[in-house]
Amino acid sequence: DTKFQEYVSEMKSRGIKLLPPDVNKSLDRFTICDNSLLFPLNAISGVNDVLVANIIHERNINGEFKTLFDFVIRLFPYKISEVQIKHLIDAGALDSLYHSRESMRYTVLSAIQYATLLSDENGGQISLGIHELMVPPMINMKDNPLDNLDKEYDAIGIMLSDNPLSYKKQLI
C-alpha cells in the first residue's frame, strides 16, 4: 500500500486530481473524467470483479442509478450483499445517489428488505401488481465528516473526498 500512496502523491504533485469511485461513472480501471482520474470500483475493499461487472452491465442496460433503493433493487438479482453495499457507501461510490453516507448506511437493510419484497425466489424482479407500493423512506442521519473519511480510507486506502486537516484548522 505504500507504493500506492507514493503513486497517489506523485499524481497530486503533478496536479492530477483523483475522484472517488462512483457507481454511475466508474469502471474496473482508472478512467479520465472531467479532467481528473476517476477511481475504479474494483479498488474498493470487499468489492470483487464480478460485482463490478454486474454494476457496469446493469448501468449500461438500464441507465444510471437514481437512488439507493434503485441501486439495491437492480443489483439484488446479482446477489449483492449488505456488506458490499456498505463498502460502496464507505468508499463514496454512492455519493451521487444521496447526500448522506450515514443515512445510506442506516437505510441499507430497509432497501434490501424492499428488494426482497419485489423479487421472486430466484432473485429476479416480479411485478406484484401494486405499483403504489411505497418505497421506504431514507433514515435521516447526520454525517460525521471525520468518520466518513476514516471509513473511506478503510474502503479504498486513501481519503479522496476531503482532507481531515480541514476539520482541524481551528486547532492547528
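1. Is Ser103 buried or exposed? At 1% relative accessibility, Ser103 counts as buried, where buried means under 20% relative accessible area, exposed over 50%, and partly exposed in between (1.4 Å probe, protein chains only). The model is a predicted one, in which local features need pLDDT of at least 70 and side-chain atom pairs count only at pLDDT 80 or more, while totals for chains, interfaces and linings use all residues. Residues are numbered from 1 along each chain as its sequence is written, and side-chain values use heavy atoms, with hydrogens and water left out.

2. Ser103 is found in helix H5; helices here are DSSP runs (H or I, at least four residues), numbered from the N terminus. Leaving aside neighbours within four places in sequence, Ser103 is in contact (heavy atoms within 4.5 Å) with Tyr98, Met138, Ile139, Asn140, Met141 and Asp143.

3. Helix H5 spans residues 101–117 and also holds Tyr106. This tyrosine is partly exposed, with a relative accessible area of 45%. Together with Ile139 and Met141, Tyr106 makes a nonpolar surface patch of about 260 Å². Such patches consist of residues with over 30% relative accessible area and no salt bridge, nonpolar side chains (Val, Leu, Ile, Met, Phe, Trp, Tyr) being joined within 5 Å and like charges within 9 Å. The accessible areas come from the Shrake-Rupley method with a 1.4 Å probe.

4. The largest nonpolar core has 42 residues, and those with the most contacts inside it are Val23, Ile44, Ile55, Phe71, Ile85, Leu88 and Leu94. Two or more residues each come from helices H1 (2–13), H2 (49–62), H3 (68–75), H4 (82–91), H5 and H6 (145–156). A core of this kind is a set of buried Ala, Val, Leu, Ile, Met, Phe, Trp, Tyr and Cys residues joined through side-chain atoms within 4.5 Å. Apart from neighbours within four places in sequence, Ile55 is in contact with Val23, Leu41, Phe65, Phe71, Leu75 and Leu88.

5. A search of the whole structure finds three aromatic pairs. Rings of Phe, Tyr and Trp (its six-membered ring) pair if their centres lie within 6.5 Å; planes under 30 degrees apart count as stacked, over 60 as edge-to-face and the rest as tilted. The ring centres of Phe65 and Phe71 are 4.9 Å apart with planes at 75 degrees, so this pair is edge-to-face. Phe69 and Tyr114 also form an edge-to-face pair, at 6.1 Å centre to centre and 90 degrees between the planes. This pair links distant parts of the chain, with Phe69 in helix H3 and Tyr114 in helix H5, 45 residues apart. Phe69 is buried at 6% relative accessibility, and Tyr114 is buried at 8%.

6. The buried residues of H4 are Gln84, Ile85, Leu88, Ile89, Asp90 and Ala91. They pack against H2, H3, H5 and H6. Just after H4, Gly92 takes a positive phi of about 90 degrees.

7. Ten salt bridges are found in a search of the whole structure, each a side-chain nitrogen of Lys or Arg within 4 Å of a carboxyl oxygen of Asp or Glu. Arg105 forms one with Asp90, the closest N and O atoms being 2.7 Å apart. Because Arg105 lies in helix H5 and Asp90 in helix H4, the pair ties together parts that are 15 residues apart in sequence. Arg105 forms another with Glu102, at 2.5 Å between the closest N and O atoms. Both Arg105 and Glu102 are buried.
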